[in-house]
Amino acid sequence: MRYSRALLPTVKEAPADATTASHVLLLRAGYVRRIGAGIYSFLPLGVRVLRKVERVVREEMDRAGAEEVLLPALLPAEYFQETDRWTQFGDTLLRLKDRKGGDYHLGPTHEEIITDLARRELHSYRDLPKNLYQIQTKFRDEPRPRAGLLRCREFLMKDAYSFDVSEEAAQKSYEAMRLAYRRIFDRLGFDYRMVSADSGAMGGSTSAEFQVLVQSGEDILAACSACEYAANVEVAETTATPERGPAEPPAVERVATPTQRTIEEVSSFLGKAPEDFLKSLVYVAGDQTVLAVVRGDHEVNEIKLARALGVDEVHLAGPEEVRRVTGAEVGFAGPVGFQGRVVVDRDAASVKGGVAGANESGFHLLHVTHGRDYQGDVMIIRAATDGDACPSCAAPLKLYRGVEAGHIFILGTHYSAKMGATFLDEKQEKRPLVMGCYGIGVSRLVAAAIEQHHDKDGIRWPMSMAPYHVHLTQLGAEPEVVEAVAELTQALERAGVEVLVDDRSERPGAKFKDADLIGVPLRVTIGARSLQAGGVEIKRRDNPDPKSAELVPLAEASARLTALVRELGGL
């Protein structure tokens, strides 16, 4: 492709609301354009990257024995109504009516539709196992679309669904997908972790996420420094910490803390470490108000708390509710004398003689001890932290930020039982299909790759995702330069190498800046000066050192570049 004929609208500045690296660079380098909140058009370069990702995903899904289907995006309400998700999805579901007044929605996910297909087509154990996948546009009315392609209202996704005769067979399908996902993320050049995760609104169990490690990620995960243990911080296991404080603490003592509310403020005021505090937070859980107590240097894990209480979710009480149940302002709540249910984290219960709020504005209590001064249900409700002992090998855990790029889990009979998707087993008895679900955010991977592979000058694509393998920069229009560009381009294309030729009549500096911005892995420069020096200049985009360019004779350039493309995973 010649730059002079291509739609490659690079710009110097991105809009002010573009804050993440991928959002800024996708706009500046001409890969996408925003047309509404969380809605983007893909330009030619962006489409080429999407197709590269799709190809890798398809190849590995096919290799794992899955078959591709294409399900509709416009869905009648009746299927989500069967499983109660018509109401459970809430405002996230993009709903509409047809001209006859019928209820429809745009598909945020396709469990119900694939289950309907299965109940129509799969009737016997002889029909199983099956794994069906699609690459399809999804729609979710996100309350806060952000970060460009990382959180959109319309996005491209690969979703696959397995159908088996038993949980044991479903585990085999799950394992096949786990290996396929590892191959996909390895081939695409990601630094990632597979982590234990929560299945969320999709239901099911045996859940794992594939998290791409980036500083801008909105997810937090805990990974072991010595073994393969990793988990989303929402479900990461924590090991018990040693007891703190004296075996026989003094009696509770009330102390004035007139303007100190936070752990940091009170610890500084009293000269005590945050680990010696009992952080008490008031939560609303269904129809009850609960006091959650964790150690001062820990945070409440709201998913663990909700599970401990047997509810779907919890949320922090507002200032008025805090005053009603504690008699004090926010910042002075404590477990001593609290009239209601108290849930105490295991590590908080081991603090002897801790500092806690007094349920009286302007006061805290010293020497507070669980079992003596207050009672509460002891559970594990805290989030993992940096340095916690790994539950698998006891080495320190480290916290990372990540972007969820893939999610695999076993659904069991969550949907098949509700929708009557059954099969006849070997005894001719009806049983519900056992399902698994496996998703990859295809368009999100485009952004995630940039978050992980960029520098101050632009994108640095892995070869497997790059829109072109080689960016050939033509300097000048002398006959020998034009002839050399044409000769090398033809030789590369015959070898299957994809070439973008910058034949514009722009200054060399502008061409080099655009090449760095666009991020094609290999840049080749041909000009009168390089030819006089003995050939063409080859430079890898992932090496920022300007001295790293190598001069290669024109006759050898095609073979050298083809070998590099192959070495970097492009052929």
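This is a predicted model: local features need pLDDT of at least 70, side-chain atom pairs count only at pLDDT 80 or more; totals for chains, interfaces and linings use all residues.
Residues are numbered from 1 along each chain as its sequence is written, and side-chain values use heavy atoms, with hydrogens and water left out. The C-alpha trace spans about 95 × 70 × 50 Å along its principal axes, and the secondary structure comes to 16 helices and 31 strands, where helices (H or I, at least four residues) and strands (E, at least two) are DSSP runs numbered from the N terminus.

**Buried elements**

- Eight of the eight residues of strand β24 (residues 434-441) are buried, so this strand is largely enclosed by the rest of the structure.
- Both faces of β24 are covered, with Val434, Gly436, Tyr438 and Ile440 buried on one side and Met435, Cys437, Gly439 and Gly441 buried on the other.
- Helix α12 (residues 442-452) is mostly covered, with 11 of its 11 residues buried, among them Arg444, Glu451 and Gln452.

**Strand pairing**

- Two strands are taken to pair if DSSP finds at least two bridges between them; by that criterion strand β8 (residues 154-164) is joined to β24 by eight bridges and the two run antiparallel, with aspartate 159 standing opposite glycine 439 in β24.
- β21 and β24 also pair in the antiparallel sense, over six bridges, and the bridge partner of glycine 406 is isoleucine 440 in β24.
- An open sheet is formed by three strands in the order β4-β6-β5, with antiparallel pairing; β4 (74-76) and β5 (95-97) stand at its edges, each with a single partner strand, so one side of each is left without a neighbour in the sheet.
- Neighbouring strands of this sheet are turned by 40° against each other on average, direction ignored, where axes are lines fitted to C-alpha atoms (for helices over the stretch in contact) and angles run from 0 to 180 degrees between N-to-C directions.
- Within the sheet, β5 and strand β6 (residues 103-106) pair in the antiparallel sense over three bridges, and arginine 95 has histidine 105 in β6 as its bridge partner.

- A cavity is a set of points, on a 1 Å grid over the protein atoms alone, where a 1.4 Å probe fits but cannot get out, and its lining residues have an atom within 4 Å of a point.
- The count comes to one cavity of 30 Å³ or more, and about 80 Å³ of space lies in the largest cavity, with grid points joined across faces, edges and corners and the volume taken as the space filled by probe spheres set on the points.
- The lining of the largest cavity includes Arg146, Arg151, Glu218, Asp219, Glu404 and Arg444, and strand β21 (residues 397-412) gives the most to this lining, with three residues.
- The lining residues divide into two nonpolar, three polar and six charged, where Ala, Val, Leu, Ile, Met, Phe, Trp, Tyr, Cys and Pro count as nonpolar, Asp, Glu, Lys and Arg as charged, and the others, Gly among them, as polar.

**Cysteines**

- The structure holds zero disulfides, a disulfide being a pair of cysteine sulfur atoms within 2.5 Å.
- The sulfur of cysteine 224 lies 3.5 Å from the closest cysteine sulfur, in cysteine 393, which is too far for a bond.
- Cysteine 224 is buried, with a relative accessible area of 9%, whereas cysteine 393 counts as partly exposed at 36% relative accessibility.

Technical notes: Buried means under 20% relative accessible area, exposed over 50%, partly exposed in between (1.4 Å probe, protein chains only). On a 1 Å grid over the protein atoms alone, a cavity is a set of points where a 1.4 Å probe fits but cannot get out, and a pocket is an open set with protein on both sides within 12 Å along at least five of seven lines; lining residues have an atom within 4 Å of a point.
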